[in-house]
Amino acid sequence: MAKLVRELTQLENILERSGSLARSEMLTSIPSAAGSLPIYGTVLGTSDRSAPTFGLVGGVHGLERIGTRVVLAYLHTVIEMLQWDELLSRSLERIRLVFVPIVNPYGILMRRRGNAAGVDLMRNAPPHPDSQGSFFVGGQRLSPHLPWYMGVEGAPMQPEAFALCNFMRREVFGARRAVVVDVHSGYGMDDRVWFPYARTRKPFPDVGSVYALKQLLDTALPNHVYRVEPQARNYTVCGDLWDFLYDEQRAQPGAGVFLPLTLEMGSWRWVKKNPRQLFDRLGGFNPLKPHRLRRTLRRHLTLFDFLRRATASDRAWHGEGDEERRNAAFRLWFAD
Ligand SMILES: [Zn+2]
């Protein structure tokens, strides 16, 4: 049954522990030979959907289990601290936290990147006409047996992607300010924080806000480990879900600011320190040694706390001075 997915059991235990602190629901369930696999969405904090909202998403790519584990580590800590931390409880009276820790439970169960249909969920949105996807890695429609498969052209979205989009529409789109981090692993040696667009190298409209957030991060946490950059600087993607959601949210009347970010944990570092792990199917994407796993699970808690607090105190990164910050952002990221 679902018990075969250790992360799902862990999530269910955390949700049980959360009691009335969290509002959780099954967004959909995915059939598998081992039984049906639920996808959970969880909301904490005020029921006012216009309140500032910070979100974490994980497990979009089934091989990148560490993404889910990092999200669960934060959810665990928040739930435990809410049992006694009065300041945190009070802050949740005016903000919201949303979590979808396991978007692709089938992929996690079967140790594969895509879902049961072989679709890469991060290539499954209707492609924007502007898209200039990198060759192959940016999405392909040749075969579900090859990575980065986008699905059949014109077909409805895959159930996992559809469920995630609907949850975001309902729980995040109405927020005055929202920052959502989707946690992945793989690319490169460094931990990167990517911002839209994924589909094109052109700057996205809220680049000034991301620049301001980066400034806050650099000054408040000067020893942080992150490289903040446009995703498209590395490669471009057709059918990126976050590009799709960003554009949709922004087109709504009276839309607030919605920043979908990706934390791409550099897994090549783990491989470099332990090359033998390449013989394991999960080794290219996850820290396998227990001490390295623990280090990774604590490594990003500070970033998430920083973003949670910054989301709540949005005057520091949005509003007055946006024009100036946009110009600085162009110089930093788009001058070439
Ligand atoms: Zn990924």
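**Reading helices and a zinc site in a predicted model**

Analyst: The buried residues of helix α5 pack against β1, β2, β3, β4 (96-100), β5 and α7 (241-250), where contact means heavy atoms within 4.5 Å. This is a predicted model, in which local features need pLDDT of at least 70, side-chain atom pairs count only at pLDDT 80 or more, and totals for chains, interfaces and linings use all residues. Residues are numbered from 1 along each chain as its sequence is written, and side-chain values use heavy atoms, with hydrogens and water left out.

User: Which residues of α5 are buried?

Analyst: Buried means under 20% relative accessible area, exposed over 50%, and partly exposed in between, with a 1.4 Å probe and protein chains only. In α5, Glu-160, Ala-161, Ala-163, Leu-164, Cys-165, Phe-167, Met-168 and Glu-171 are buried.

User: Where do the buried residues of α1 fall when seen down its axis?

Analyst: An α-helix has 3.6 residues a turn, so residues three or four places apart point the same way. In α1 the buried residues are Glu-7, Leu-8, Leu-11, Ile-14, Leu-15 and Ser-18. Seen down the axis they fall within an arc of 125 degrees, taken from the directions from the axis to the C-beta atoms, so they line one face of the helix. The face turned away from that buried side carries the exposed residues Arg-6 and Glu-16.

User: Which protein atoms are donors of the zinc ion, and what arrangement do they make?

Analyst: Donors are N, O and S atoms within 2.8 Å of the metal (3.2 Å for Na, K and Ca), and water is not among the atoms, so sites may look incomplete. Here they are His-61 (ND1), Glu-64 (OE), Glu-64 (OE) and His-184 (ND1), lying 2.1 to 2.5 Å from the zinc ion. The four donor atoms subtend angles of 56 to 150 degrees, which makes the arrangement irregular, since four donors count as tetrahedral if all angles lie between 85 and 135 degrees, four count as square planar and six as octahedral if opposite donors are over 155 degrees apart and all others between 65 and 115, and anything else is irregular. Glu-64 lies in the loop between β3 (53-58) and α2 and His-184 in strand β5 (residues 177-186), so the pair ties together parts that are 120 residues apart in sequence.

Technical notes:
Helix = DSSP H or I, 4+ residues; strand = E, 2+ residues; numbered from the N terminus.
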